[in-house]
Amino acid sequence: QVQLVESGGGLVQAGGSLRLSCAASGRTFSAYRMGWFRQTPGKEREFVCAITWSGGITTYIDSVKGRFTIGRDNAKNTGYLQMNSLKPEDTAVYYCAKQASYGVNWTSWGQGNQVTVSS
């Protein structure tokens, strides 16, 4: 069973940067995509971005395009989310997850990491 363990996050002022990491432990990580989601109190979890594990093809929601960059290090079984030009509306708990193959549900959710952007 693959477990995803997140690190990074914290408190930053608007306009600042943070980097989240998502390390896969257990068996060798194998997935179609790794993705990042975020959730604020009272709202549903929102898809933020994803990357195909083999080809590195990325997908972003419009609100983070040009500010967030998703990456992965296949050798380290680790994914990254570099967040620049952060805005207060980016404040949320961020989760990573894997998608085993195209079109299936996201699984192996990380524990979540709080990102707080102050104005």
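Predicted model: local features only at pLDDT ≥ 70, side-chain atom pairs only at ≥ 80, totals over all residues.
Strand β1, which covers residues 3–8, pairs with β3 in the antiparallel sense over 6 bridges. One of the residues in this pairing is Leu4, whose bridge partner in β3 is Ala24. Strand β3 is also joined to β8 by 6 bridges, and these two strands run antiparallel. Here Ser21 has Tyr80 of β8 as its bridge partner.

A search of the whole structure finds 1 disulfide, formed by Cys22 and Cys96, with their sulfur atoms 2.1 Å apart. The link connects distant parts of the chain, since Cys22 lies in strand β3 and Cys96 in strand β9, 74 residues apart. The torsion about the S-S bond is about 70°, so the disulfide is right-handed. Cys22 has a relative accessibility of 0% and therefore counts as buried. Cys96 is likewise buried, with a relative accessible area of 0%. Cys49 takes part in no disulfide: the nearest cysteine sulfur belongs to Cys96 and is 11 Å away, whereas a disulfide requires sulfur atoms within 2.5 Å. Cys49 is buried too, at a relative accessible area of 0%.

In soluble globular proteins, nonpolar side chains tend to be buried together. The largest nonpolar core here has 28 residues, and those touching the most other members are Leu4, Phe29, Trp36, Phe68, Leu81, Met83 and Tyr94. The most come from β3, which gives 4 residues.

Setting aside neighbours within four places in sequence, Tyr94 is in contact with Phe68, Leu81 and Met83, among others. Its contacts also include Glu6, Arg38 and Asn113, as well as Leu20, Phe37, Val48, Gly112 and Val115.

The last stop is Ser108, in the loop between β10 (106–107) and β11 (113–118). Is Ser108 buried or exposed? Its relative accessible area is 19%, so Ser108 counts as buried, the cut-off being under 20%. Not counting residues up to four places away in sequence, Ser108 touches Val2, Leu4, Cys96, Ala97 and Lys98.

How values were computed. Residues numbered from 1 in each chain as written. Heavy atoms only, no water. Buried < 20%, exposed > 50% of the residue type's maximum accessible area, 1.4 Å probe, protein only. Contact = heavy atoms within 4.5 Å. Core = buried A, V, L, I, M, F, W, Y, C linked by side-chain atoms within 4.5 Å. Pairing = 2+ DSSP bridges.
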